[in-house]
Each structure stands twice: as structure tokens, then as C-alpha cells.
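Colleague: I'm new to this one. Can we go through it together?

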Amino acid sequence: MDFSKLLVSFLLLQFLFANYSTVHAAPNCPSKLFREYIGAEGQDLTFSDVPINANVEFHFILSFAIDYTNSSIPLPTNGYFNVYWDKENLSPYRVSCIKAEHPNVKVAMSLAGDTVGGGFNVSFDPASVESWVRNAIYSVTNIVKEYNLDGIDIDYEHFKADPDTFAKCIGRLLYYLKRNRIVTFTSIAPFEDEDVQPHYLALWRKYGHLIDYVNFQFYAYQKGTNVSQFLQYFETQRGNYEGGKILVSFGTDESGGLKPQNGFFNATSILKSQGKLEGIFIWSADDSKKDNFYYEKQAQDLLAL
């Protein structure tokens, strides 16, 4: 065989091997991500109160940092975020301790939330894109560094600006934080609502590549949701946030959705068997304290299997 034929044969073998390796690559390992919001309801709760399974990736999400004043009538501060979680029990020192004690634990903070100051809506209300982004970068960066945080979560639920403005502001904030390695992961927390979803979908279309997890609030669906409905809702949101890691969720408060006692873990097991389970999150540790975190243990056990 002359050299030219030998070279062609060699290149053909390389091509076939490369394609065989691609087609027959080992499937991705199932996700073992568990996330929990903590600190919003002042339950005298510490990180160490919550059971942590060493065989999952565990994210605490501090709730919340809010760009509103702490006054009798709270006012928006145009992107200047302040800490509103239980700063005494969930302090920078406590963050360092829980991360040192449990190498599988990371800590993030959530921005905004539902209400502030006893019932005032937290609205996304920027004076301008440029000023809001500037203030948010400054204040969020300071909090992340003070608390040694790993990520941020976006949980605006009320809006006084259009979806495009929301996308620009949040997208530029996420871009800065990631490009400068201030955080290592980001998430958003949308739910099914005619005002909420357009804002998050606009953000997803333009900046979805910067968002690691979608903490979809499945507990915002109606009470009495059954397994079949839940699985349909999940497929709908997989379509809305195409390519994203959609985490399933339930609330341990009086919220709606599919509750554990009504089949949540049955639905989750189905998704896991289909290779669709990207993780579980719970709202919230504060509400779970009364039941000694029974469902936190169950969720982590399922993920660890």
C-alpha cells in the first residue's frame, strides 16, 4: 500500500473512531443537586439545624437581599441591595463554618422576593438601566464578598418596568458577576403568571447562557395539583426554558402545587427514571423547622440514590 492510501485509511479510522466515541459516550450522571431557601421568616434558624446529606450537592439560598429601604413605608433604592435575612443566625461567620464543616455545601443569596416591611410588594423599579446596573453591581458584589457567597438567585415577583428593561438590567448584572468571577453560579425563580413569565422569558431569551439553574416555583400552581398535572406543568416549563436545568420544587408552607403527601416524590421518581431530574429545591427551611425537616431528608435521600 502506498503512502497516500495509508494516510487516507488512517484518517478514515480516526473519523470513525471519533464519531463512535461521540455516539457511544457515557450518559451524564443524574443530578444530585438539592437547594433550600433560608432566612426569610425569622425562625431563629441556623444552617447547622438543617440536615445535610453528604452525598448531594447542597445549596443554601439566603432570603433575601432587597433593593428597598428598611422604613415604615419601604421605598425602592434603584438596585442598591440590603440584607434582609436573619443576619444574627445566618452571619458571614456561620456561612464560613457550614462550608468548612460540609465540603458539599455552597451558599447563595436571592435578590428581591415577594414582599418587604410587613406586606409591601418588592417591585422591580429601576430609574434607568445604567444606574440600576451600576448600583446592583456595587451592592451585590459587596454582600457576596462579605458573606463569602458562591452564587445569586433572581426572585423578583412584581414589576414596574417592561420585560426588555428587566432583561437588560438583570442580564448585565449576571454578565458582570460571572465574567469577573464574583459568583460561580446563578439561578432565576420564575412561576406561572401572566405578568411574571414574560419578564423571565425575555431574560432567558437574551441571557439564558448565563443562568445555571431555573428554580421554577411549582408550588405557585393551584392547591390540590396531582402527579399527572405536575408532570404536564414540568414539560411546559422545559419548553419555555429550553435547554435550561429546570429544578422541581414544593413548599413546606401553605402554598399550592404538588405536596409530598400527595405524590411529589412519586412524580420526582418518574422524572429521575426518564433522566429529566435536574435537582430539587424547597421553600423553605424556616417553614420546615416545625416538622424537623422531614421532607428535606426524604428529598436528599432520593437524589443520593
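Colleague: How far apart do the end C-alpha atoms of residues 32–305 lie, and what share of the span is helix and strand?

Modeller: Those ends lie 9 Å apart, and the span is 35% helix and 21% strand. Helices (H or I, at least four residues) and strands (E, at least two) are DSSP runs, numbered from the N terminus. Bear in mind that this is a predicted model, where local features need pLDDT of at least 70, side-chain atom pairs count only at pLDDT 80 or more, and totals for chains, interfaces and linings use all residues. Residues are numbered from 1 along each chain as its sequence is written, and side-chain values use heavy atoms, with hydrogens and water left out.

Colleague: Why is lysine 99 called buried?

Modeller: Buried means under 20% relative accessible area, exposed over 50%, partly exposed in between (1.4 Å probe, protein chains only). Lysine 99 has 18%, so it counts as buried. Its place is in helix H2 (residues 92–101).

Colleague: What makes the pairing of lysine 99 and aspartate 150 a polar contact?

Modeller: Their side chains are joined at 3.1 Å. The definition asks for a pair of N or O atoms within 3.5 Å; within protein, one must be able to donate a hydrogen and the other to accept it, and residues adjacent in sequence count only if both atoms are side-chain atoms.

Colleague: How do you know that the length of helix H3 agrees with what it should span?

Modeller: The expected span is 1.5 Å times one less than the number of residues. For the 19 residues of H3 (residues 129–147) that gives 27 Å, and the end C-alpha atoms are 27 Å apart, so the two agree. After H3 comes asparagine 148, with a positive phi near 55°.
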